[in-house]
Amino acid sequence: MLSAPLFVDVRAGAVASLGTLLTDLQIARQGRVAVAVGPSQGDGICEELRIDGAEVLRIPNGTLAAAVELGQRLRAGQFEAIAGIGGGKTIDVAKFAAHMAGIPMVAVTTSLGHDGIASPVSTLRHESGTGSYGVVMPAAVLVDLDRVRSAPAALSTAGIGDAISDLSAVADWELAAAEAGEHIDGLAVAMARSAALVVLHQPGLARDDEFLTVLAESLILSGMAMAVAGSSRPASGGDHEIMHAINQLYPGTASHGELAGVGALFCSYLRQDEAKVELISACLGRHGLPRTPGDLGLSDADFAKAVAYAPRTRPGRYTILEHLDLSEAQLADHVGAYVKTVAG
C-alpha cells in the first residue's frame, strides 16, 4: 500500500491556509497545535496563520539533540499536532520530533533545498557527523511559493541538485541488483526517475512559478518514492555518500542539494555515462549550481579524499563507488579528468 500525505498544496500564499487545513482534515481537533520555526523564521508567518491556541516553538539548529528536545516538549505539552515551517533543517527536526511524540506533522516549506519535504526520513547532525533516521512522513505538505521566491537563491532552489541526483541513485540501485542481488522496487524506481527527469528537462528560470511548482512536486514525489521503497535507496546512492563524506570532512562546505548534485554528476562520470553527464552538467550550470570541487570551495585533492571516504558513510550500501573500489590516488586522477570534462 502506498503511503502519501493527506493533502498537498503548492502555490503562492499556501501558508495562510494552514489553520483551515488542520481543522478540515481533523489533524488537530482541540486546537492544541505547536508551530515549529527556525531561528530566522516565524514572526511574520505566525501572524498569517491565525490559529487560536497555537504555541510557537523555536528550533535552534538541525541537530539530533534539537529534535529530541523538541519531541520531549511536544509530549510534555500534550500537543495534538505540529506544523514545521521553514527550510529543510526545520522540517527534518519537526518530523523527527513528531515521530518521537507520536503526533501528526504538517510540513510548511519555505525553501526547496532537498527532497525531505514529504519523505519518511530526517537527516540530522550529531557529534559524529550526520545521520538519517526513519520517521512517519508528514500528514500534509504546503509549499508557499511566495516564501520560496523570497528565500536566498542558494537555499530556495538547491533542491534541483537533489532532485536530479535520483537518476544516479536509481542507477546505483540497478547496479546493486545486477552485482549483489539486491531487490528493486519498480514503483519506487518509476517515481524517483520521473521526479528527476521532469526537473532535468523543465525549461525556464529557477525563480519562475512554473519551474518552482515542478521542482516542489518533484521533491515531494522523490520523498514518496522513499516511502514506497521503505528506505532512502531510490533517492540516495553514491551521490549522497559523497555528500555525507564532504559534510563530515569539510563541514559547512555547501547545502544538501548542492552537494547531491555534484555527487550525482561525478558518479555519472565514473559510470562513463556521457549522455547523463552532459544533461546533468547542463542543468546544474543553467541554474547556477556547483559542478566541480572548485565551485564548492574544495581542491581536487580534498574532493578525492571525500570520495574515497564516502563508502564509510553508508556501510552495506552498494553503489558505483563500492563497485569500482578505487584508491584515493586513482580517484585523484579521475577527479582531475572529470574537472576538465565538465569545464570543457
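Predicted model: local features only at pLDDT ≥ 70, side-chain atom pairs only at ≥ 80, totals over all residues.
Trainee: Let's start with helix α10. What should its twelve residues span?

Mentor: Count 1.5 Å a residue and you expect 16 Å for residues 238–249; the end C-alpha atoms are 16 Å apart, so the two agree.

Trainee: And how many residues of α10 are buried?

Mentor: First, the general idea. An α-helix has 3.6 residues a turn, so residues three or four places apart point the same way. Here, nine of the twelve are buried, so α10 is largely enclosed by the rest of the structure. The buried stretch consists of Gly238, Asp239, His240, Glu241, Ile242, Met243, His244, Ala245 and Ile246.

Trainee: Next, pockets. What is the volume of the largest one?

Mentor: Rolling a probe the size of a water molecule over the atoms shows where empty space is left. In this model the largest pocket comes to about 1,000 Å³. Its lining has 40 residues, with Gly87, Gly88, Lys89, Leu155 and Ser255 nearest the centre.

Trainee: Which helix gives the most to that lining?

Mentor: α4, with four residues. Among the other elements that supply at least two are β6, β7, α10 and α11. By class, you get 24 polar, twelve nonpolar and four charged residues.

Trainee: Last one: how many disulfides are there?

Mentor: A disulfide is a covalent bond between the sulfur atoms of two cysteines. This structure has zero. Take Cys267: the closest cysteine sulfur, in Cys283, is 17 Å away, too far for a bond. Cys267 counts as buried because its relative accessibility is 0%, and Cys283, also at 0%, counts as buried.

Key: Residues numbered from 1 in each chain as written. Heavy atoms only, no water. Expected span 1.5 Å × (residues − 1). Buried < 20%, exposed > 50% of the residue type's maximum accessible area, 1.4 Å probe, protein only. 1 Å grid on protein atoms, 1.4 Å probe; cavity = no way out; pocket = protein on both sides within 12 Å on 5 of 7 lines; lining within 4 Å. Points joined across faces, edges and corners; volume = space filled by probe spheres on them. Nonpolar A, V, L, I, M, F, W, Y, C, P; charged D, E, K, R; others polar. Disulfide = S-S within 2.5 Å.
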